[in-house]
Amino acid sequence: MERDTLPQARIPTATYRVQFNRQFTFASARQIIAYLHELGISDLYASSYVAAHAGSLHGYDIVNQTILNREIGDEETHRQLVEELQRHGMGQILDFVPNHMCIESSENLWWQDVLENGPCSPYAHFFDIDWHPVKKELTNKVLLPFLADQYGKILEKGELRLAFEQGAFWIVNSHMKVPVEPGSYRQILTFRLKELQQSLEADFPPLLELLSIITTLHHLPPTTEQDPDKRAERYREKELVKKHLHGLCGSCPEIAFFIDRNIRIFNGTKGDPRSFDLLDSLLREQVYRLSYWRVATEEINYRRFFDINGLAAIKMEDPAVFKETHPLLFRLIREGSITGVRIDHVDGLYDPLAYLRSLQEQSFIQARLAETTGSPLPDAHERHTDEYQAILERDPGYKPFYLVCEKILMKGEQLPEDWPVFGTTGYDFLNYLNGIFVDTESARAFDRIYSRFTGENAEFPEVVYDKKKLVMQVALAGEINMLGDQLNSISEQHRLTRDFTQNSLTRAISEVAAFFPVYRSYVNSWTIREKDLQYIETAVGRAKRRNQAISASTFDFLRSVLLLKFPEYALETDKLNWLSFAMKFQQVSGPVMAKGMEDTAFYVYNRLTSLNDVGGMPGRFGLPLEAFHGHNMEKVKSFPHSMVATATHDTKRGEDLRARINALSELPGRWQKSVTAWSRLNKKKRKVLDNQSVPDRNEEYLLYQTLVGAWPAVEMDRQAYQLFLARVREYMLKAVREAKVNTSWVSTNTAYEEALLSFVDAILEDSPDSTFLKDFTRFRKQIAHYGHFTSLSQVLLKIVSPGVPDFYQGSELWDLSLVDPDNRRPVDYDEQRRILTGLKNREREIGPRDLIRELLQSWQDGRIKLYVIYRCLNYRRDNREMFDRGDYQPLEAHGARARHVCAFSRNVNGRSIIAAAPRLFATLVPEVGTLPLGESVWLDTELDLGTTGACYRNVITDETVETDAAGRLPLARLFACAPLALLERIRDRGLGTGKIKRSRLLSPLQFRHRRET
């Protein structure tokens, strides 16, 4: 069968991410579709909008994947949004969350059923619960670490209450409602029963019914029952009990009063500890163990999303779970309502490859079902499955649906080529692009500055190792302990390994996880990928060298299990246990890396904070151009339709804030002088607590960089200034808690935090006498000037590079946001629509070239960025073949300013475009206010296009430029009016198609050699 007749993935030309919540609904999104289309966006990229915890502002706390979030809209408003997209020829990519669900909401009916029925619940295997953990008191129970204080204290304060609703008993407090196990209703209903019997006639029908209910409860199958018939009996009888209790209380006041009185007695009397014994006894009979939230650190027995107690992992590898969680998603695919899916946290899955294959297979089936008129035949699903498998045998690379996954790639790591996806969400591109705007030659200077100012000397890899160890002690100890227990069980199966202690095995797991060089490996069968072999060998080798006190044989045993190097005597069950451990280890190593590096080390190692972003490696001080070009060339070969991003809902800093901080890398002397002076000016505003200065020097260094990056480009009135101050305060509070040095989320040091915020308030007090603010204002204006040029360059390179450019909501104008929740603030789309309309009108009046000149003079308002995006995205949409299929050729510059330009060409079917973007502006135009234009800036620098006598149109300005007889283009001419260029070859002067001199272009092999050396 020809590919043209098969369902084909819809490839976006540009995506726009929006964050849905009760403040931004389906109706809100419908209102901006025309604006997005006008901007040049092809696909709306939607955050998850299935049912989530009430009030959720991000949508990742899912309670039901099969229905829409009613706070965002209903089926009708969703249909209207889809119709509006289709009217504009646009698609929709949906963020889908397959890894976890919120368990703090009573709306999660699956979890509620587990809490009511324990291991015999049909949903018990849906969640990744260890029903037989190390702590024997938790056997056949699940830990619920949701209490604000120790269990006994909360109980005796009367903050846990027994309640009765619709015939069922519940345990409730201010933020939690969990069911009482029906079998334990007997404790409530038999309490004071003799008193009730004495007050009523023996043959009183309601009394007889109550006694019958108690008898039924006595014979109710237990929560550990696994026999299908007995489980069915339990479910039938418990629901009948509730129905009869509800009816009995409604018809008999005596019984209703009896139960109500018992509830009040069970709920105890504050100040009388013994009065809570009854409720305590009842709680001990439940299939859950309520505990202080800190207990989760070590005793948690369900897998979580990272260390968030309220998000429990689901076992998506179970076919039943897959089937029950995807009906809505597949319906939307079948209807054409969504045309792509972003898979959240793919590394959290037990077997990502198997899941992604299943998703593509089902997407193919839905596409085939959509072609069917009328009701599909009974065997349609099976036939389409067979058809899909047959297609894959002939064409293993066939991918019928646009899937991308949230995956963070470390240095040198590639997305597994056998994954049936179109790529990642773009963190890898973000860091390669960001790196070329950092002056690599200043690395040693910044090492000295950072060390002298803060006293910090540790290398970044050492910081990451220490912080990964820390989070495994204070946040993820429970997960590590579960792995240790599993490995210990494996070791006990044979006499040669039984002497390894559980403690030594757990320590070895912790050390190997701390040294693991990537987020996770992908072992899922007896065959180990070469890359995974290298990662595991590297981690184990480093752990052995670091821990001479731990027997090397312990590490060797762990390595054998992770690499599935079975002994000859291993039974089939042994092999399966080894594979299970290896795959479980992979699910833990990712959260350890994320929490240790992203959420801790990134807030501790503050040498140049623009490098501290998701997927980044702050230990590398920027990247050479060769690395950026090499990454793009690799992308063309492997995943040409991967997303490329510069800002997401997860990035630590807005794209334009990073651009400003990057400029500091070019000014080490000026930066050192400034921060030293500022610290001296602000010395008296610091406080001393327990002989410690607040903030410490590292936090102060972070604060100054944050202010340089985040300060709004336009002047602020008093109200705007107070809002900015509040944002900085909130950010610094989060930053110091994430760093876990002087305070933390787990152990809050209130006095320290108050002193820190007092310092922020003091140095930012809007006073005409503030020497610090006067000096700081001069400096930050200069940095903002350089940063905005960097912003324009990076947005151009993103649009033209291989992949699908992604834009985060509101980033069309200057994006100076900080980490969430700051970057999830509402966007004023009315204002952005007005700006775009004004730009288009002005363009018609004076033309693109003069408009660019005009916008450069008022760059502070951000309109120039939106205009560049509008011009380039619309060109991209109108010429998509160039971007979908075009090759990638780096271009070289020659002359005094050669290092200050990044340029490359995209070529297909004889057509060619060129992107040229300046960089490192602080040393290119050191004089404040100078534009990076003309001969005085670019001197003799030329761009070698390799094509003689060619004429190009700059898409951004509509100007035309020509190459000389040597195939070169002076940058003074190219950047005469605008500090960036997107060139479209329109003709060749007297030479037909032009003579392309390939010898002037570096081959991929040459660039790979440069990158490696």
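Select helix 19 (residues 477-491) and helix 22 (residues 552-562) to begin; their axes come within 12 Å and cross at roughly 95 degrees, and the two helices are therefore roughly perpendicular to each other. Angles of 65 to 115 degrees count as roughly perpendicular, those under 35 as roughly parallel, those over 145 as roughly antiparallel and the rest as oblique. The axes are lines fitted to C-alpha atoms, for helices over the stretch in contact, with angles running from 0 to 180 degrees between N-to-C directions. Helices (H or I, at least four residues) and strands (E, at least two) are DSSP runs, numbered from the N terminus.

Before going further, note that this is a predicted model, in which local features need pLDDT of at least 70 and side-chain atom pairs count only at pLDDT 80 or more, while totals for chains, interfaces and linings use all residues. Residues are numbered from 1 along each chain as its sequence is written, and side-chain values use heavy atoms, with hydrogens and water left out.

Staying with the helix pair, show the side chains of Leu487, Ile490 and Ser491 in helix 19 and of Phe557, Leu558 and Val561 in helix 22, which make the contact (contact means heavy atoms within 4.5 Å). By class, this contact has 5 nonpolar, 1 polar and no charged residues; here Ala, Val, Leu, Ile, Met, Phe, Trp, Tyr, Cys and Pro count as nonpolar, Asp, Glu, Lys and Arg as charged, and the others, Gly among them, as polar.

Strand 6 is joined to strand 13 (residues 308-313) by 3 bridges, and here histidine 100 has alanine 313 as its bridge partner, while methionine 101 stands opposite alanine 312. Strand 12 is joined to strand 13 by 2 bridges, with isoleucine 308 as the bridge partner of phenylalanine 305. Between strand 12 and strand 13 the hairpin has 2 residues, and phenylalanine 306 takes a positive phi near 55 degrees.

Now move to strand 8 (residues 161-165) and strand 9 (residues 168-173), which pair in the antiparallel sense over 5 bridges. Phenylalanine 164 stands opposite phenylalanine 169 in strand 9, and in the hairpin, with 2 residues between the strands, glutamine 166 takes a positive phi near 50 degrees.

Then pick leucine 839, found in helix 31 (residues 829-857) and buried, with a relative accessible area of 2%. Tyrosine 867 is 28 residues away from leucine 839 in sequence, and the two are 7.0 Å apart in space, C-alpha to C-alpha. Not counting residues up to four places away in sequence, leucine 839 touches Leu851, Leu855, Arg863, Leu866 and Tyr867.

Finish with the largest nonpolar core, which has 311 residues, those with the most contacts inside it being Phe20, Phe127, Trp671 and Leu764. A nonpolar core is a set of buried Ala, Val, Leu, Ile, Met, Phe, Trp, Tyr and Cys residues joined through side-chain atoms within 4.5 Å.

Key:
Pairing = 2+ DSSP bridges. Buried < 20%, exposed > 50% of the residue type's maximum accessible area, 1.4 Å probe, protein only.
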